[in-house]
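Dear colleague,

Please find below the structure I wished to pass on to you. My notes on it follow directly after.

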Amino acid sequence: MVRKARLKPREVSAAWPDEVLDDPVFESIRRYVVALQEAIGDRSIRAAKEVAGVDYSTLQAVLAGDAWPDSITVARTEEGFGARLWHGPVGLPED
């Protein structure tokens, strides 16, 4: 059985990550990317990689919408920046 290729984030929304999305899964991840951008702030991606402990190419791909962040990327960026960046699925109630 052949699995259908997953769309890249920039293929889900032409305005990724600036456009709020109706799909709660994509919106959850979009919110993480926006929070990551805010955590990076004025730093370069090279400087951010040192703080976050995540490869430059991974950060660049996630921020550009060329790749979905995985759980290791989320955990390392949260640890590195000392901030909650992933708030879970938007379709679930808050804790």
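In this predicted model, helix 2 has the following buried residues: E27, S28, I29, R30, Y32, V33, A35, L36 and I40. Their cover includes helix 3 (45-52), helix 4 (56-64) and helix 5 (71-81).

Helix 2 itself comprises 17 residues (residues 24-40), and at 1.5 Å a residue it should span 24 Å. At the N-terminal end, helix 2 is capped by D23, which has a side-chain oxygen 2.8 Å from the backbone nitrogen of V25. At the other boundary, just after helix 2, G41 adopts a positive phi of about 60 degrees.

The loop that runs between helix 1 (9-12) and helix 2 contains S13. Is S13 buried or exposed? Its relative accessibility is 2%, and S13 therefore counts as buried, the cut-off being under 20%. Leaving aside residues up to four places away in sequence, S13 is in contact with E19 and L21.

I would also draw your attention to the packing of helix 3 and helix 5. Their axes come within 7 Å and cross at roughly 90 degrees, which means that helix 3 is roughly perpendicular to helix 5. On the helix 3 side, A48, V51 and A52 take part, and they meet R76, T77, G80 and F81 of helix 5. By class, this contact of helix 3 with helix 5 consists of four nonpolar, two polar and one charged residues.

With kind regards

Note on methods
Residues are numbered from 1 along each chain as its sequence is written. This is a predicted model: local features need pLDDT of at least 70, side-chain atom pairs count only at pLDDT 80 or more; totals for chains, interfaces and linings use all residues. Side-chain values use heavy atoms; hydrogens and water are left out. Helices (H or I, at least four residues) and strands (E, at least two) are DSSP runs, numbered from the N terminus. The expected span of a helix is 1.5 Å times one less than its number of residues. Buried means under 20% relative accessible area, exposed over 50%, partly exposed in between (1.4 Å probe, protein chains only). Contact means heavy atoms within 4.5 Å. A polar contact is a pair of N or O atoms within 3.5 Å; within protein, one must be able to donate a hydrogen and the other to accept it, and residues adjacent in sequence count only if both atoms are side-chain atoms. Axes are lines fitted to C-alpha atoms, for helices over the stretch in contact, and angles run from 0 to 180 degrees between N-to-C directions. Angles under 35 degrees count as roughly parallel, over 145 as roughly antiparallel, 65 to 115 as roughly perpendicular and the rest as oblique. Ala, Val, Leu, Ile, Met, Phe, Trp, Tyr, Cys and Pro count as nonpolar, Asp, Glu, Lys and Arg as charged, and the others, Gly among them, as polar.
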